[in-house]
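User: I've got a model open and I'd like to learn how to read it. Could you walk me through it?

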Amino acid sequence: MRAFGLTVTIAAMLMSLGGMARAADVRVLSVGAVQVAIRNLAADFRKETGHQVIFTIASPAVVIQKIKANEVHDAVIVSEPAMDELDRDGIVNPESRVRLANTGIGVALRESAPLPELATPDAFRQALTAAKSLVHGDPTLPNQSGEKARKILANAGILDAVTPKLRIAGLAEGHELIAKGEIELGLFNLSEITEGKGVKSAGAVPAPLQIVTTYEGALMSDGAVPEAARAFIRFLASAHARDRWLAARLEPLPDH
């Protein structure tokens, strides 16, 4: 396991933080798929430690752009393949990598629409081929939901059938199109399907077709507050964090 020191209990970690001279500002660069969980956990972390977590949330492509532009952050949260690249380039501390949570692709639809049956691969195929219109993100962008949605459609054997009614749009635009009734169904990260803004989740793509993304946290090699950043990444992987991840429709990893 790459995670460093996860055998240390959260209580012991917080006791050690009590000895720090003053609270720190921890700058965290993160992809948006985990933002609901990590924002709530950052509030918990501040109450426990006094450390303030300052987030920069962006799409996976923009996160990499910010890193290449030499923006300074203390920690980063990205998908496992993206973290592998940062590790190879010496941008993160390899010993600090912690696997946090998984999310899969879900089906979004208009809030007032009846829920389609998605429990089995056959039901999923039928629902998507019967839909009048579909949307997902750009499949050419690596480590994003559109890439996985396109693979799911191909693996389900319905890509050719649905392509004529398929629209490519980013998360915000896709949600807006669904909320307005211009698009019937969307495929996005389950954790990013916003409830209560004209859109709801119909559930996850069924397991035989599902493609899961694992998200990791790690320390940036040039961070200014490594101990506080290390404590925050550990906190995200603690037993305390499980309910926060689950509430945000992410699955915490079984090793923490």
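Analyst: Let's start with contacts: a contact means heavy atoms within 4.5 Å. This is a predicted model, where local features need pLDDT of at least 70 and side-chain atom pairs count only at pLDDT 80 or more, while totals for chains, interfaces and linings use all residues. Residues are numbered from 1 along each chain as its sequence is written, and side-chain values use heavy atoms, with hydrogens and water left out.

User: Which residues does His175 touch, leaving out those up to four places away in sequence?

Analyst: His175 touches Phe188, Glu192, Ile193, Thr194 and Val199. His175 itself sits in helix α8 (residues 171–179). Helices here are DSSP runs of H or I with at least four residues, strands are runs of E with at least two, and both are numbered from the N terminus.

User: Is His175 buried or exposed?

Analyst: Buried means under 20% relative accessible area, exposed means over 50%, and partly exposed is in between (1.4 Å probe, protein chains only). His175 has 10% relative accessibility, so it counts as buried. Another case is Phe45, in helix α2 (residues 35–49), which is buried with a relative accessible area of 0%. Across the protein chain, 49% of the 256 residues count as buried.

User: How far apart are Phe45 and Leu236, in sequence and in space?

Analyst: They are 191 residues apart in sequence, and C-alpha to C-alpha they are 8.9 Å apart in space. For the chain as a whole, take the contacts with a separation of 6 or more: 79% of them join residues 24 or more positions apart.

User: How do I read one side of a helix?

Analyst: An α-helix has 3.6 residues a turn, so residues three or four places apart point the same way. In α6 (residues 145–155), the buried residues include Ser145, Gly146, Lys148, Ala149, Ile152 and Leu153. They cover an arc of only 160° around the axis, which puts them on the same side of α6; the arc is that of the directions from the helix axis to the C-beta atoms. After α6 comes Gly157, with a positive phi near 80°.

User: What about the overall fold?

Analyst: The protein chain has 10 helices and 11 strands. The globule rule is 2.2 Å times the number of residues to the power 0.38, with the radius of gyration taken over C-alpha atoms. For 256 residues, a compact globule would come near 18 Å, and the protein chain's 19 Å agrees. Its C-alpha trace spans about 60 × 35 × 30 Å along the principal axes.
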